[in-house]
Amino acid sequence: MKLLKLLPVSGDHLTPRETVAELDKYIVGQNDAKRSVAIALRNRWRRQQVPEALRDEIAPKNIIMIGPTGVGKTEIARRLAKLTASPFLKIEASKFTEVGYVGRDVESMVRDLMELSVNMVKAEERDKVQAKAEAAVEERLLDMLLPGSTPETPADETDEGGEKDEKAANTREKLRTMLRAGRLEDRLVELEVSQRTAPVVEIFSAAGMEEMDFNFKDMLGNLFPGKTKQRKVKLSEAREYLLQEEAGRLIDMDRVVEEARRKVEQNGIIFLDEIDKIVGRDGTRGPDVSREGVQRDLLPIVEGTTVNSKYGMLRTDHILFIASGAFHLSKPSDLIPEMQGRFPIRVELHSLGPEEFERILTEPENALIKQYRALLNTEGIRLTFTPEAVKEIAGLATTVNERTENIGARRLHTVMEKLLEEISFTAPDLTAQEITITDAYVRERLAALIDDEDLSRYIL
């Protein structure tokens with residue numbers, strides 16, 4: 001039972017079958033990929049249950065997803081991260097270049113993941129101290145509205161000063177009632193805000209030098225003392241500023257950083273998209289040399305190394321790496337052998353057809369039709385689709401994918417937007433009513449456009 005406490009993330013306790021069921025709520029098909037990530041997730045929990053001497057020896061089972069664009073590769077990884085509340089970073093592998101060339105250092109993705117984790121933990125801590133911060137902010141706002149009326153001031157009712165103190169206390173309580181009722185939100189108050197005076201720090205950031213100068217930037221920031229200035233702002237704006245300030249005081253940043261580091265090192269997920277773009281091909285020269293160099297630079301990160309950051313040293317041994325690529329012009333075996341060995345699980349995602357499109361339009365919790373119905377409902381319009389209309393939309397989207405570039409389910413966004421363009425434009429002018437989308441309406445709006453192959457290539 002003690003070992004279970006090491007894992008506060010409830011998603012890690014899901015069985016593979018439960019994980020797949022959760023992914024099914026948002027992603028249609030691709031069962032092989034869902035099973036692979038579900039097993040990888042469960043293995044994290046299993047690793048925490050083994051004896052400590054063996055625990056560090058168990059490496060994560062990294063995954064390569066192979067399939068065309070728009071079939072759910074990124075969505076599977078993103079939903080998995082949300083399910084476990086894990087730090088998650090999606091990045092294109094093609095953004096990196098070999099050390100010595102122009103581009104980002106591969107270690108920057110680990111630092112970015114740590115930054116995300118710190119923000120996640122800080123947000124969690126802020127929620128815990130929210131009530132305490134709001135109480136402190138209320139007192140500070142009352143001090144601004146009625147200076148010199150602090151609640152700690154003792155009132156002596158036997159002299160004139162005591163009567164004044166009692167009067168001030170009564171006034172303060174009246175203002176408190178008005179404040180809580182929201183009747184003072186537009187009142188102007190004077191607020192002391194910090195003023196930044198070190199633009200050189202931003203110059204370094206803009207130059208893309210975060211990999212070498214994160215400590216230098218911190219040093220520069222400390223060299224320039226912070227200045228403050230008085231500003232007149234609305235009370236509602238002052239409350240937001242003071243809430244951040246008070247929460248910052250109440251949060252123990254050392255504990256935040258330590259917890260964020262634990263989340264990154266034990267639960268972090270890095271999604272390397274377009275990994276096929278850094279695969280060199282035999283018999284070629286030039287850019288392919290750099291591509292192979294990127295793989296060799298990525299290798300230590302994936303294998304497990306220590307990365308320096310402004311929050312301290314970060315180990316990457318147990319970060320889960322999920323790579324994806326279409327592999328149209330190459331194949332996973334074209335990766336350097338060492339990299340292939342660090343991605344033992346390979347799963348193929350299949351192209352989507354009209355049956356999958358029908359399900360995508362209606363079944364997931366975030367289905368496109370549900371989204372458009374909710375959007376137009378804000379204008380008082382009840383939008384419904386007949387089953388025949390859904391079938392027609394799916395068929396037309398499949399036809400466009402076959403004739404032009406196959407972009408998978410992303411084609412549905414374009415088709416739906418074009419289909420509902422007229423309704424979306426005139427919705428504010430229509431009286432509250434119910435609009436039914438039929439297969440005839442779908443053909444009327446889209447059939448001519450799809451028949452014109454040259455036109456559909458540009459519009460759909």
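**Close-up 1. Strand β5 and the directions in which its residues point.** In this predicted model, Ile269, Phe271 and Asp273 point one way from β5, while Ile270 and Leu272 point the other way, and all of them are buried. In a regular strand, side chains alternate between the two faces of the sheet. Because five of the five residues of strand β5, which covers residues 269-273, are buried, the strand is largely enclosed by the rest of the structure.

**Close-up 2. The strands that pair with β5.** Strand β2, made of residues 88-92, pairs with β5 in the parallel sense over five bridges, and in this pairing glutamate 92 stands opposite aspartate 273 of β5. Strand β8, residues 320-325, also runs parallel to β5 and is joined to it by four bridges; here leucine 272 stands opposite alanine 323 of β8.

Close-up 3. Glutamate 274 lies in the loop between β5 and α12, the helix of residues 287-303. Its phi is positive, at about 55°, although the residue is not a glycine. With a relative accessible area of 27%, glutamate 274 is partly exposed.

Close-up 4. Threonine 74 belongs to helix α4, which spans residues 73-84. Its relative accessibility is 12%, and because buried means under 20%, threonine 74 counts as buried. When neighbours within four places in sequence are left aside, threonine 74 is in contact with Lys90, Phe271 and Asp273.

Close-up 5. Glutamine 30 is found in the loop between α1 (16-24) and α2, and its phi is near 55°, a positive value in a residue other than glycine. Glutamine 30 is buried, with a relative accessible area of 9%. Asparagine 43 has its place in helix α2, residues 31-49, and counts as partly exposed at 27% relative accessibility. The C-alpha atoms of asparagine 43 and isoleucine 58 are separated by 9.4 Å, and these two residues are 15 residues apart along the chain.

**Close-up 6. Two arginines placed over aromatic rings.** The charged end of arginine 42 sits over the ring of tryptophan 45, at 4.0 Å from the centre of that ring.

**Close-up 7. The largest nonpolar core and another core apart from it.** In soluble globular proteins, nonpolar side chains tend to be buried together. The largest nonpolar core in this model has 51 residues, and those with the most contacts inside it are Ile322, Phe385, Ile393, Met416, Leu419, Leu420 and Ile437. Helix α16, residues 387-403, gives the most to this core, with six residues. Leucine 419 touches Phe385, Ile393, Ile437, Tyr441, Val442, Arg445 and Leu446, not counting residues up to four places away in sequence.

**Close-up 8. The whole chain, as a setting for the other views.** The protein chain has 20 helices and eleven strands, and 42% of its 460 residues count as buried. Among the contacts in the protein chain with a separation of 6 or more, 77% are between residues 24 or more positions apart. The protein chain exposes about 24,900 Å², of which carbon and sulfur atoms supply 51%.

How values were computed
Residues numbered from 1 in each chain as written. Predicted model: local features only at pLDDT ≥ 70, side-chain atom pairs only at ≥ 80, totals over all residues. Heavy atoms only, no water. Helix = DSSP H or I, 4+ residues; strand = E, 2+ residues; numbered from the N terminus. Buried < 20%, exposed > 50% of the residue type's maximum accessible area, 1.4 Å probe, protein only. Contact = heavy atoms within 4.5 Å. Lys NZ or Arg CZ within 6 Å of the ring centre and 35° of its normal. Areas by Shrake-Rupley, 256 points an atom, 1.4 Å probe, with all protein chains shown as cover. Core = buried A, V, L, I, M, F, W, Y, C linked by side-chain atoms within 4.5 Å. Pairing = 2+ DSSP bridges.
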